[in-house]
Amino acid sequence: MKVFEMRGLLIIKLGGSAITDKRRGCVAKRKVIDEISGEVAKVKERLILIHGAGSFGHPIVKEYGIHLGFRNRSQLTGYAETKYRLTELTRIILEALRSHKVPAAPFMPSSFMVAENGRLLKVEVEPLERLLELGLVPVLHGDIVADTKMGFSVVSGDQIAAYLAEKMNARMVIFGCDVDGVFTADPKTNRKAELIRVIKLSTVKDVMRSVGGPAAPDVTQGMLGKLKEGLRLVEKGIEVVIMNLTKPEGLTSIVEGRDARCTRFVPN
Ligand SMILES: Nc1ncnc2c1ncn2[C@@H]1O[C@H](COP(=O)(O)OP(=O)(O)OP(=O)(O)O)[C@@H](O)[C@H]1O
Ligand SMILES: [Mg+2]
């Protein structure tokens, strides 16, 4: 049963930096989330949303050393606490999507994904694919998943976005965060940083060298992690954009291929 066969697949990562205050524990930016939901409601393609953890995840993951893998049972308290907080953030997002009449439903990555050394190894995509075909909008998040080597590991929303894009042959992946795209240096700490509007496969390695880690706690390499995931996708011919989702009005232009302030990855 294929309902939307002709439509492309769009994957949008709602970066934790855009939807939470990464410097204060568990504070969601509800106004931004509401505005994003309003823009998302206009999308006509098949759509998967993946939210980051922001301050609902990274600090507690760090505190319990969860990103290092399973070492002792006391980490399970941190695991449970992280999941509890993530669920709370998912709920806030679902609430906003619901108010804009987006038929969204949560999919918890840890219940259908297994990683090996922090990289996704097995993903049961069938339920996701089938419900997506009907027009449902699955909402996933960066998660702590079972890991064949580490016991468990943190798999970023960025990685999940890239994995699903490849596996499900997405047309475009948008990584939304709280800055306009990739800059020559972290724009939050360097006033001279300039936006890099186009990253080509041939120049991405140079760009990576100049990109620092995250300014706020981020156990999945911040902007550098996004660049690495994006690189894999451009190599496969999938469009990749990094944009500022605290200004979600740019979303429609980007989805429709019109000019907008962001960073686009292009093949050479
Ligand atoms: N060269 C750079 N260009 C742009 N941003 C940079 C650069 N170097 C570092 N950053 C930082 O990267 C951050 C975005 O990555 P980060 O992982 O913190 O956010 P996120 O992925 O949206 O959050 P989450 O991981 O919780 O989903 C920006 O807030 C910015 O401060
Ligand atoms: Mg991140």
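This section describes the aromatic pairs, a helix and a sheet of the structure.

The model is predicted; local features require pLDDT of at least 70, side-chain atom pairs count only at pLDDT 80 or more, and totals for chains, interfaces and linings use all residues. Residues are numbered from 1 along each chain as its sequence is written, chains are lettered from A and ligands numbered from 1 in the order in which they are written, and side-chain values use heavy atoms, with hydrogens and water left out.

Three aromatic pairs are found in a search of the whole structure. Rings of Phe, Tyr and Trp (for Trp, the six-membered ring) pair if their centres lie within 6.5 Å, and planes under 30 degrees apart count as stacked, over 60 as edge-to-face and the rest as tilted. F70 and F152 form an edge-to-face pair, at 5.8 Å centre to centre and with 80° between the planes. Because F70 belongs to the loop between α3 (58–63) and α4 (75–99) whereas F152 belongs to strand β8 (residues 151–155), this pair ties together parts 82 residues apart in sequence. Helices (H or I, at least four residues) and strands (E, at least two) are DSSP runs, numbered from the N terminus. With a relative accessible area of 39%, F70 is partly exposed, while F152, at 6%, is buried; buried means under 20% relative accessible area, exposed over 50%, and partly exposed in between (1.4 Å probe, protein chains only). F70, Y79 and F152 form one aromatic cluster.

Y79 is among the buried residues of α4, which also include L86, L89, I92, I93 and L97. Helix α4 has 25 residues and reaches 37 Å from its first C-alpha to its last, close to the 36 Å expected at 1.5 Å a residue, where the expected span is 1.5 Å times one less than the number of residues. Just after α4, K101 takes a positive phi of about 60°.

An open sheet of mixed pairing is formed by four strands in the order β5-β4-β7-β8; two strands pair if DSSP finds at least two bridges between them. Strands β4 (residues 113–116) and β7 (residues 143–147) pair in the parallel sense over two bridges, and A115 stands opposite D147 in β7. Helix α4 lies across β7 and β8, running at about 135° to β7. Axes are lines fitted to C-alpha atoms, for helices over the stretch in contact (heavy atoms within 4.5 Å), and angles run from 0 to 180 degrees between N-to-C directions.
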